[in-house]
Amino acid sequence: MCGIVGYIGGQQVNDILLTGLQRLEYRGYDSAGIAIVAEGQLKVHKQKGKVSDLVATLESNGQLQGTLGIGHTRWATHGFPNDENAHPHTNVTGSFALVHNGIIENYGALRQKLKQKGYTFKSETDTEALVHLIDDVQKATSLPLEEAVRQALTQVVGTYGIAVVSVEDPDLLIAARMGSPLILGVGEGEYFIASDAAPLVEHTRQVVYLNDGELVVLRRSGFEVRTIDNVKLEKQITELEWDLEEIEKSGYEHFMLKEIMEQPESLENCMRGRLRLEENCINLGGLIEVMDDLRAAERVIICACGTSWHAALVGEYLIEKFARIPVEVEYASEFRYRNPILREGDVVLVISQSGETADTLAAVREAKQQGILTLGVVNTVGSTIARETDAGVYLHAGPEIGVASTKAFTAQVLVLTMIALKLAENRTLTDAEMAEALRAVSQIPDKVRKLLELDKELCNIAHSYRFANNFLYLGRGFNFPVALEGALKLKEISYIHAEGYPAAEMKHGPIALIDRFMPVVFIAMKDRTYDKVVSNIEEVAARQGSVIAITDEGNGELDKLCEYVIRIPHTEEFLSPLLTVVPLQLLSYHVAVMRGCNVDQPRNLAKSVTVE
Ligand code: M6R
């Protein structure tokens, strides 16, 4: 949700900001702007549209010169995506500019109070209230800007990641966070500030993660971090693990396709050092200290949103199967607001690619407040959820830039598989069974590699269905969550209405939708439920529904019932989501491309949902 970038140093800032915004654009892309301080002036340019539109305008107007500046790419919360509501916002005299990610919840009251004091508002944003509030504090107190910002923030209710620059002090960049991520990049006589690491990697690997309630004052000579309550802090500099190549398209047309194709490697990275075939065990370093508590858990509650929630559903099947511990899966957004009943012996496990999803983070905080052990399955190293959970397992899937989550899903399912098997060690599985399970897990990357060869076939299938208005996805058992995920992938990037259901539920309602215009994707792997799923396929075929089935290599039984049959390598039932989801990702991708949709930046969406 919105991307922020800022720079203070010796280099020309224009390109640093624009490239940084391009790297952050997956966080929001309805308008963009920059503010640069130079030669006694604060120059602001902002406009509706993509960062590329801003770049084009600046190129034709002439670049803004200067070595201090801030930038913003917006995902609208308050106010239309238009030029006025785009960030940065300036105070009345135009002496300082501010960019903001988050929501100022008491902006209505602040706005009213400030209007009474004579402030006029140019935009409909909540952010402008903060700008005028800072101005008001500064006028009333004559304090330096950094102190006025700090004091103003004590009056704010809500979430923010902000950056501020002023024409009155060309050696000052101020940033602060509460609920919206901010990372400080440390260079030689230069500093960067950004919503995530993407804009930093090409400049520095030294980073400082800001925590909620912290404000940083950056000057070319150094930086100082304080709490909003004005307590000075010593912060640790850590090394960033990302590579530049990981956040570039590397020849692919879209990040989503690149990330789908990367899955054999991301899965290998995820299991590296963890899957110990020779020792016949799983090694999850991040859980060692809590493993006894986890093994003794009475109940595991998994909280997540979106695709991560679908992975959580697979996790429920896995943990219950292997560890025989009851699991409940919750939407993080529901969990946090219903005063959940948590008991001693419960463990709350959260799943998040970004590690910044506001609702998932709130679930962690709710559980911690009740004294419950919290575990994180997170991709982004150093993210807030990774830091706030008691323990956890990183995905090591590499940065995921496409808004539609793909490689993170398979890595999440793999981590959950490893957690479930770890819990089964010396308990529910014999040594021979464990060896068999580990061997099957180790073969998954190669099987994904093989099934990615089906890309052309899926492209052809997509061509047949590109004008469909609806889609139904059906699966059972481990593949029911995959049906949900397939439907989500299609709807979020192609804007085709799609629903996922447990196949057997079809008869309880969705069957009414079936006619010759309704494509139905069945996941029909040769497992315990296969025969039942085939009966469901018969039922759809009898009503002229157009069936696309995913089944095992060598299975010809479905050909007469289906329009298309996608045959994929066979694996154990509990591992099949790692394979069955991949053709669904490719199908969605190709349908969306053929419909002319912006695959990496679907309308209305943002990669990291840091507001409620
Ligand atoms: O970063 P997170 O995993 O916490 O994000 C959760 C959802 O916002 C995310 O999975 C979303 O549903 C994706 N757009 C799905 O492709």
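Biologist: Is cysteine 305 buried, partly exposed or exposed?

Modeller: Good place to start, and please keep in mind that this is a predicted model. A residue counts as buried under 20% relative accessible area and as exposed over 50%. Cysteine 305 has a relative accessible area of 25%, so it is partly exposed. Cysteine 562, with 11%, is buried.

Biologist: How many disulfides does a search of the whole structure find?

Modeller: The idea is to look for a pair of cysteine sulfur atoms within 2.5 Å. Searching the whole structure gives 0 disulfides. Take cysteine 305 again: its nearest cysteine sulfur belongs to cysteine 303 and is 8.8 Å away, and cysteine 305 is in no disulfide.

Biologist: Now to helix packing. At what angle do helix α1 and helix α2 pack, and how far apart are their axes?

Modeller: For a helix pair, read the angle together with the distance between axes. Helix α1 (residues 13-24) packs on helix α2 (residues 51-61) at about 160 degrees, and the axes are 9 Å apart. An angle over 145 counts as roughly antiparallel, so α1 is roughly antiparallel to α2. The crossing of α1 past α2 is left-handed.

Biologist: Which residues of α1 and α2 meet?

Modeller: From α1 come Asn14, Leu18, Leu21 and Gln22, and they meet Val51, Leu54, Val55 and Leu58 of α2. Sorted by type, the residues of this contact are 6 nonpolar and 2 polar, with no charged ones.

Biologist: And how do the axes of helix α7 and helix α15 cross?

Modeller: Read this pair in the way you read the last one. Helix α7 (residues 263-271) and helix α15 (residues 444-451) have axes that come within 8 Å and cross at roughly 175 degrees. That makes α7 roughly antiparallel to α15. On the α7 side, Gln263, Pro264, Glu265, Leu267, Glu268 and Met271 take part, meeting Ile444, Pro445, Val448 and Arg449 in α15. The residues of this contact divide into 6 nonpolar, 1 polar and 3 charged.

Biologist: Let's turn to the backbone. Which residues does a cis peptide bond join?

Modeller: Omega is the angle to check here. The cis peptide bond joins histidine 87 and proline 88, with omega at about 0 degrees. Proline 88 sits in the loop between β4 (68-74) and β5 (89-90).

Biologist: What is the phi of asparagine 230, and where does this residue lie?

Modeller: Asparagine 230 is not a glycine, yet its phi is positive, about 75 degrees. Its place is the loop between β13 (222-227) and β14 (232-233). With a relative accessible area of 32%, asparagine 230 is partly exposed.

Tyrosine 495 lies in the loop between α17 (480-494) and β24 (497-502), and counts as partly exposed at 27% relative accessibility.

Biologist: One last residue. Is isoleucine 36 buried or exposed?

Modeller: Start with the accessibility, then look at the surroundings. Isoleucine 36 has a relative accessible area of 0%, so it is buried. It belongs to strand β2 (residues 31-38). Beyond its neighbours within four places in sequence, isoleucine 36 is in contact with residues including Val13, Leu17, Leu42, Leu64 and Leu68.

Note on methods:
Residues are numbered from 1 along each chain as its sequence is written. This is a predicted model: local features need pLDDT of at least 70, side-chain atom pairs count only at pLDDT 80 or more; totals for chains, interfaces and linings use all residues. Side-chain values use heavy atoms; hydrogens and water are left out. Buried means under 20% relative accessible area, exposed over 50%, partly exposed in between (1.4 Å probe, protein chains only). Axes are lines fitted to C-alpha atoms, for helices over the stretch in contact, and angles run from 0 to 180 degrees between N-to-C directions. Helices (H or I, at least four residues) and strands (E, at least two) are DSSP runs, numbered from the N terminus. Angles under 35 degrees count as roughly parallel, over 145 as roughly antiparallel, 65 to 115 as roughly perpendicular and the rest as oblique. A crossing is left-handed if the near helix is turned anticlockwise from the far one by less than a right angle, and right-handed if clockwise. Contact means heavy atoms within 4.5 Å. Ala, Val, Leu, Ile, Met, Phe, Trp, Tyr, Cys and Pro count as nonpolar, Asp, Glu, Lys and Arg as charged, and the others, Gly among them, as polar.
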